[in-house]
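Please read them alongside the sequence and the coordinates.

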Amino acid sequence: MHSHPALHLTWRVVVTTVAVLVIVAGLVMMVFPGPGAASVVLGLFILSSEFHWAHRLLRPARTWFRRAERLGNRLKDDLLSRLRARRAARRGLTAPDPD
């Protein structure tokens with residue numbers, strides 16, 4: 001695709017069209033119910049496959065998602081440890097945790 005000039009231009013137009021449609025759908029979903037922010041990021045991800053400026057725009061989003069993932073994992077681990085402590089206390093193995 002990228003070696004032939006006509007196919008390269010056609011491919012870029014198709015990728016851009018699909019990405020813009022996904023971004024517009026995401027913007028509509030920000031007003032109406034739906035995963036609006038995720039759709040906008042997905043559209044930028046699609047654009048970043050062909051355009052360097054879109055790849056640069058995604059850098060803060062990637063950082064935000066990594067932070068959110070770490071926070072989610074910490075919350076999950078905390079919740080699971082409290083749940084295990086409660087189950088153990090119910091079974092009479094240890095005293096319940098004061099938290």
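1. A residue is called buried below when its relative accessible area is under 20%, exposed when it is over 50%, and partly exposed in between, using a 1.4 Å probe and protein chains only. The model is a predicted one, in which local features need pLDDT of at least 70 and side-chain atom pairs count only at pLDDT 80 or more, while totals for chains, interfaces and linings use all residues. Residues are numbered from 1 along each chain as its sequence is written, and side-chain values use heavy atoms, with hydrogens and water left out.

2. Helices are DSSP runs of H or I with at least four residues, strands are runs of E with at least two, and both are numbered from the N terminus. Helix α1 covers residues 5–31, 27 residues in all, and spans 40 Å from its first C-alpha to its last, close to the 39 Å expected at 1.5 Å a residue, where the expected span is 1.5 Å times one less than the number of residues.

3. Which residues of α1 are buried? They are V15, A19, V22, I23 and G26, and α2 is included in what covers them. By contrast, L21, which also lies in α1, counts as exposed because its relative accessibility is 57%.

4. Contact here means heavy atoms within 4.5 Å. S39, in helix α2 (residues 36–48), is buried at a relative accessible area of 10%, and it touches V22, G26 and M29 when residues up to four places away in sequence are not counted.

5. A nonpolar core is taken as a set of buried Ala, Val, Leu, Ile, Met, Phe, Trp, Tyr and Cys residues joined through side-chain atoms within 4.5 Å. The largest such core has eight residues, namely A19, I23, L44, L47, F51, A54, L58 and A61. Two or more of its residues come from each of α1, α2 and α3 (52–90), and α3 gives the most, with three. Leaving aside neighbours within four places in sequence, F51 is also in contact with R12 and T16.

6. α2 and α3 pack at an angle of about 135°, with axes 8 Å apart; axes are lines fitted to C-alpha atoms, for helices over the stretch in contact, and angles run from 0 to 180 degrees between N-to-C directions. The two helices are therefore oblique to each other, since angles under 35 degrees count as roughly parallel, over 145 as roughly antiparallel, 65 to 115 as roughly perpendicular and the rest as oblique. V41, L44, F45, L47 and S48 of α2 make the contact with W53, A54, H55, L57, L58 and F65 of α3.
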